[in-house]
Amino acid sequence: MIIQDWTPEKAKAFGKQTLSFAHNLHERPLFSDEGLAEALEAYPRSRLGIFTMGEDPRDWTTWRKGSADGLSGAQLLEGALAGRIWLNLREANLYLQPYADLADEVFAEKEAMAPGLKTFKRDLGVLISSANAQVFYHLDVPLVSLWQVRGTKRVWVYPPKAPFVGEEALERIVLRESAEQFAFDPAWDAGAEQIELTPGRMATWAQNAPHRIENGPMLNVSLSMEFMTPKALLRANVIYANGVLRRRAGMAPRLADGASPTNLGKLVLARGAKALNLQTPHERVLPATFRLDAARPGVVLPL
């Protein structure tokens, strides 16, 4: 077993509440320096996300994209060890066979242990990040679980409702009119659940729950596993349909969970709107503004 402390209560609450689990992935050689350098070398360079950021958790506009052209996997790992860098290997399960096998193993266990759970649209991402780096306040459209392998980090998880995120803001994200990162008020920490992640701990939370992350003073390695379930996909489509109704019909729809006749109708509406391209997504394309210095690990240079 990968997860060491499944209980009937956790299995029932999985995907609905903020939960913490013990796991043993941190014991695998896949996550040694050599294993990480090999993954960085083999992963398609055009897909690699390389970022740096400021220190103020309110200033999400300091999140900047970089270029890793000309650097080997080992040099990228050295950059993360020495600098303030966040490396994101999205959908590693599609490009690296060891991670495809790991995703199959993890999700098979989740489905076996949580009654009725059916997962699809699986995305196993590898996150390699510097000491004291952070991810700003944001939310994900799918469900997500965050697995800590090396280092420590603190995660703040906020309820997926106002004032932490309003329904219209959620619609803008699902319709891809705005980025997943958005304005954060430190006063909201009073309403957050705090999770300390150490090697061998995993956390998961309710769909669309905003969260932010701060690394401890050492290299961090984590796995971010995004996925959908039938209920999660229905919720995403209801949010999408609400956005269409608000924009196209001047209505003020409300978000409610569950497979009600209204929500099933919104599911049909969302699929029809997508097929007809009624809503043009305006995705925020972050241009690369820096590169890493191959001769000086961790040093950021302007492009």
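Below is a working chat about the strands, helices and ring contacts of a predicted model.

Me: What kind of model is it, and what limits apply to local features?
Reply: The model is predicted: local features need pLDDT of at least 70, side-chain atom pairs count only at pLDDT 80 or more, and totals for chains, interfaces and linings use all residues. Residues are numbered from 1 along each chain as its sequence is written, and side-chain values use heavy atoms, with hydrogens and water left out.

Me: In what order do the four strands of the open sheet run?
Reply: The order is β6-β11-β8-β9, with antiparallel pairing. Helices (H or I, at least four residues) and strands (E, at least two) are DSSP runs numbered from the N terminus, and two strands pair if DSSP finds at least two bridges between them.

Me: Which strands stand at the edges?
Reply: β6 (134–138) and β9 (193–197); each has a single partner strand, so one side of each lacks a neighbour in the sheet. From one strand to the next the twist averages 15 degrees.

Me: How many bridges are there between β8 and β11?
Reply: Five, in the antiparallel sense, between β8 (residues 153–157) and β11 (residues 211–215). W156 stands opposite R212 of β11.

Me: Now β5. How many of its residues are buried?
Reply: Seven of the 10 residues in β5 (residues 120–129) are buried, so the strand is mostly covered. Buried means under 20% relative accessible area, exposed over 50% and partly exposed in between, with a 1.4 Å probe and protein chains only.

Me: Which strand is joined to β5 by four bridges, and which by eight?
Reply: Four bridges join β4 (residues 86–89) to β5, antiparallel, and L89 stands opposite V126 there. Eight bridges join β5 to β12 (residues 220–228), also running antiparallel, and I128 has V221 as its bridge partner in β12.

Me: What about phi of K121?
Reply: Phi of K121 is near 50 degrees, a positive value in a residue other than glycine. K121 is in strand β5 and counts as exposed, at 57% relative accessibility. Most residues other than glycine have a negative phi, and most peptide bonds are trans.

Me: Where is there a cis peptide bond?
Reply: Between A162 and P163, with omega about 5 degrees. P163 is found in the loop between β8 and α6.

Me: Which residues of α6 are buried?
Reply: In α6 (residues 167–174), A169, L170, E171, I173 and V174 are buried. What covers them includes α7 (230–248).

Me: And what follows α6?
Reply: R176, with a positive phi near 60 degrees. R176 lies in the loop between α6 and β9 and is partly exposed at 48% relative accessibility.

Me: At what angle do α7 and α8 cross?
Reply: Roughly 70 degrees, with the axes of α7 and α8 (residues 261–275) coming within 8 Å. That makes α7 roughly perpendicular to α8. Axes are lines fitted to C-alpha atoms, for helices over the stretch in contact, and angles run from 0 to 180 degrees between N-to-C directions. Angles under 35 degrees count as roughly parallel, over 145 as roughly antiparallel, 65 to 115 as roughly perpendicular and the rest as oblique.

Me: Which residues make the contact?
Reply: Among them are L234, Y240 and L245 of α7, and N263, L267 and K274 of α8. Contact means heavy atoms within 4.5 Å.

Me: What sits over the ring of Y240?
Reply: The charged end of K274, 4.9 Å from the ring centre. K10 lies over the face of F21, at 4.7 Å from the ring centre. A charge sits over a ring if NZ of Lys or CZ of Arg is within 6 Å of the ring centre and within 35 degrees of the ring normal.

Me: How many aromatic pairs are there?
Reply: A search of the whole structure finds 17. Rings of Phe, Tyr and Trp (its six-membered ring) pair if their centres lie within 6.5 Å; planes under 30 degrees apart count as stacked, over 60 as edge-to-face and the rest as tilted.

Me: How are the rings of W6 and F14 placed?
Reply: Their centres are 5.9 Å apart and their planes at 50 degrees, so the pair is tilted. W6 is buried at 13% relative accessible area, and F14 is buried at 6%.

Me: And Y137 with W188?
Reply: That pair is tilted too, with centres 5.5 Å apart and planes at 45 degrees. Y137 is in strand β6 and W188 in the loop between α6 and β9, 51 residues apart. Both are buried.

Me: Which residues are in the cluster?
Reply: Ring pairs link Y137, Y158, F164, F182, F184 and W188.
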